[in-house]
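Have it open beside you and follow along.

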Amino acid sequence: APEAAWRLAGRIRQALPVALIDEFQDTDPLQYRIFSRIYRAPEADADTTTLLMIGDPKQAIYAFRGADIETYLAARRETPSRFTLTRNFRSSVSMVEAVNRLFARHPTPFGSDEIPFVEVAAKGQKARLCNADGQEVAALGAWWPGDERHAKADYQASMASAARAEVQRALEGGWHFVDEKGGQRDVRPADIAILVRKGSE
């Protein structure tokens with residue numbers, strides 16, 4: 001019954017007045033509706049009840065994890081205060097600068113005016129990725145199959161082959177990490193991740 005549901009929501013608010021949802025971009029519409037009805041109900045006291053959501057809209061493309069970009073956008077519209085982290089702690093300075101330069105070139109790189117690209121600074125990883133000659137590997141690269149048109153299957157095969165060759169070059173070609181003290185460690189398979197749109201790729 002609706003009345004019983006509202007009573008339950010009130011009890012949850014009383015017992016747990018502050019809710020924090022990490023990785024919010026993976027929240028689906030039903031989950032968001034539940035949290036909204038508990039923490040954004042008209043009778044919820046804004047002075048004692050808080051709903052905090054931490055998420056990255058650029059990860060809301062991963063539908064296989066339950067992500068839903070429309071849910072993220074609805075939450076963004078309904079949230080009066082928003083804060084953006086402005087420093088990256090995981091990547092090298094060159095990687096962050098390359099990403100900033102790439103995405104800042106487009107006015108709406110994520111397909112929506114509601115998801116702006118915000119340039120960030122980098123604390124910077126100390127380790128550098130170097131090739132067999134000791135030269136630092138470029139932070140960002142791109143492969144193009146050429147000027148001619150390709151069938152989808154041919155294009156995917158070409159890109160898969162290029163990715164395989166690059167991984168093989170990193171693992172067998174003497175690529176290594178150099179830390180701030182000059183110590184070296186070879187690239188290992190665990191250092192490599194390949195992101196694809198769907199599992200069949």
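Predicted model: local features only at pLDDT ≥ 70, side-chain atom pairs only at ≥ 80, totals over all residues.

You'll find Ala-139 in the loop between strand 5 and helix 5, the latter covering 152-172. Helices (H or I, at least four residues) and strands (E, at least two) are DSSP runs, numbered from the N terminus.

Which residues does Ala-139 touch, leaving aside its neighbours within four places in sequence? They are Ser-94, Met-95 and Ala-98, where contact means heavy atoms within 4.5 Å. Met-53, on the other hand, sits 31 Å from Ala-139, C-alpha to C-alpha, and 86 residues away in sequence.

Thr-71 belongs to helix 3, residues 69-77. Its relative accessible area is 5%, so Thr-71 counts as buried. Neighbours within four places aside, Thr-71 is in contact with Phe-24, Thr-27, Asp-28, Pro-29 and Tyr-32.

Glu-23 lies in the loop that links strand 1 (18-21) with helix 2 (29-39). Its phi is near 55°, a positive value in a residue other than glycine. At 41% relative accessibility, Glu-23 is partly exposed.

Strand 6, residues 176-178, is joined to strand 7 by 3 bridges. Look there for His-176, which stands opposite Asp-186 in strand 7.

## The whole protein

Stepping back, the protein has 5 helices and 7 strands. Its radius of gyration is 23 Å, well over the 17 Å from the globule rule for 201 residues, so the protein is more spread out than a compact globule. That radius is taken over C-alpha atoms, and the rule is 2.2 Å times the number of residues to the power 0.38.

Of the 201 residues, 20% count as buried. The C-alpha atoms fill a box of roughly 70 × 50 × 30 Å along the principal axes.

## Ground rules

Residues are numbered from 1 along each chain as its sequence is written, and side-chain values use heavy atoms, leaving out hydrogens and water. Local features need pLDDT of at least 70 and side-chain atom pairs count only at pLDDT 80 or more, while totals for chains, interfaces and linings use all residues.

Key. Pairing = 2+ DSSP bridges. Buried < 20%, exposed > 50% of the residue type's maximum accessible area, 1.4 Å probe, protein only.
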